[in-house]
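Biologist: I am new to this structure. Could you walk me through how to read it?

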Amino acid sequence: MAEVLFVTGFNRSGTTLVTSAVTQAARARTLTVGDLARHMPSVQRFLAAGSKRGTVTDRGVDRLPVSESTPEEYGWLLHAATGDFAFGAQAAQSRVLDSLVDELADGADTTVVLKNPWDTSREGMLLGHFTRSRVLLVRRDLGAIEDSQGRAWERMATSNRYTRALIGDSRRRAEFLAGILDPQVRRRTIRDLQRRTRRDALRLARSVSKLPLDRVAFLSYDELRADPRGGAAWAAHIIDPDALGEAIAAHTFPEYNAACGRNVTSAVIDWYWARAWQRSRARQVRAGLLG
């Protein structure tokens with residue numbers, strides 16, 4: 001089994017940027033849209049149609065263009081195989097993710113980088129199943145995540161070709177489209193998503209103290225944006241921080257949307273979440289893992 005670096009963090013927290021940068025810095029292999037197309041006919045048809053028309057479609061949730069080399073979440077592959085976006089007992093028994101790692105490594109002594117926001121808070125399970133694995137866990141200002149989630153869902157109402165391709169089942173695809181095109185349903189979905197993110201951020205903050213310090217890096221998207229090398233230093237026990245900082249600077253998206261405003265609930269949860277990161281980092285420093 002190849003060495004695996006998992007990138008976790010909630011949707012809209014910068015995991016795509018971190019995945020691209022870690023893949024470059026570690027000279028690794030990551031799951032891409034082209035890889036996904038080999039397993040999902042709907043994605044293969046999407047790429048073929050774009051090639052035939054000579055057009056490039058973005059991800060819908062943002063303006064990042066989709067090509068065969070665009071990093072993608074393995075949750076879509078898990079869902080196609082097991083019906084669940086997250087890694088669980090069924091995925092472990094079927095070894096669908098193990099097979100993906102072997103496929104991407106292709107028999108070489110290489111590192112595989114995999115991201116999946118749905119597995120945020122399941123890092124312990126991933127580390128237990130994949131003995132040669134480590135995790136880069138990304139947090140972001142909670143208010144900025146919520147703002148980005150709202151913009152993403154509003155944008156998908158007019159740009160959803162790629163998302164529809166990722167949903168292979170025609171019934172589920174129709175349900176998604178009906179929901180996202182209805183303004184009231186869309187607003188309700190955004191509110192529900194933001195409530196779940198707050199709940200999950202609290203749960204994550206409470207649980208990270210149980211993770212093995214030598215196998216987890218506690219990163220901040222906001223720190224990486226502001227100071228790539230300084231932010232990357234918190235992953236020095238897992239990956240060369242200079243190489244990661246350089247890659248972060250090269251992959252940083254030109255637009256950056258900070259939180260437009262904060263309500264009291266989000267601010268309190270974000271403070272608690274940030275404190276959990278600070279305490280875990282302090283423990284790593286005391287253990288001699290970080291300078």
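Modeller: Start with one cut-off: a residue counts as buried when its relative accessible area is under 20%. Keep in mind that this is a predicted model. Trp277 has 2% relative accessibility, so Trp277 is buried.

Biologist: Is Phe218 buried or exposed?

Modeller: Buried, with a relative accessible area of 0%.

Biologist: How many aromatic pairs does a search of the whole structure find?

Modeller: Eleven aromatic pairs. Phe218 and Trp277 form one that is edge-to-face. Their centres are 5.3 Å apart, with 80 degrees between the planes. Phe218 belongs to strand 5 (residues 216-220) and Trp277 to helix 15 (residues 264-286), so this pair ties together parts 59 residues apart in sequence.

Biologist: Which residues do ring pairs link into a cluster?

Modeller: Phe6, Tyr74, Phe87 and Phe130. Look also at Trp273: the charged end of Arg139 sits over its ring, 4.8 Å from the centre.

Biologist: How should I read a nonpolar core?

Modeller: In soluble globular proteins, nonpolar side chains tend to be buried together. Here the largest nonpolar core has 53 residues. Those with the most contacts inside it are Phe6, Tyr74, Leu97, Leu114, Leu137 and Trp273. Helix 6 (residues 96-105) gives the most to this core, with six residues. Another core, of 22 residues, lies apart from it and includes Val113, Leu219, Ile238 and Ile248.

Biologist: What does Phe6 contact beyond its neighbours within four places in sequence?

Modeller: Its contacts include Tyr74, Leu97, Leu114 and Ser133. Ser133 lies in strand 4 (residues 133-139). At 2% relative accessibility, Ser133 is buried. Leaving out residues up to four places away in sequence, Ser133 touches Val4, Phe6, Leu126, Leu127 and Arg215.

Biologist: And the sheet? How do I read that?

Modeller: Strands of a sheet pair through backbone hydrogen bonds, either parallel or antiparallel. In this model, five strands form an open sheet with parallel pairing, in the order 2-3-1-4-5.

Biologist: Which strands stand at the edges?

Modeller: Strand 2 (29-30) and strand 5. Each has a single partner strand, so one side of each is left without a neighbour in the sheet. Strand 2 pairs with strand 3 (residues 111-115) over two bridges, in the parallel sense. Thr30 stands opposite Val113 in strand 3.

Definitions and conventions
Residues are numbered from 1 along each chain as its sequence is written. This is a predicted model: local features need pLDDT of at least 70, side-chain atom pairs count only at pLDDT 80 or more; totals for chains, interfaces and linings use all residues. Side-chain values use heavy atoms; hydrogens and water are left out. Rings of Phe, Tyr and Trp (its six-membered ring) pair if their centres lie within 6.5 Å; planes under 30 degrees apart count as stacked, over 60 as edge-to-face and the rest as tilted. Helices (H or I, at least four residues) and strands (E, at least two) are DSSP runs, numbered from the N terminus. Buried means under 20% relative accessible area, exposed over 50%, partly exposed in between (1.4 Å probe, protein chains only). A charge sits over a ring if NZ of Lys or CZ of Arg is within 6 Å of the ring centre and within 35 degrees of the ring normal. A nonpolar core is a set of buried Ala, Val, Leu, Ile, Met, Phe, Trp, Tyr and Cys residues joined through side-chain atoms within 4.5 Å. Contact means heavy atoms within 4.5 Å. Two strands pair if DSSP finds at least two bridges between them.
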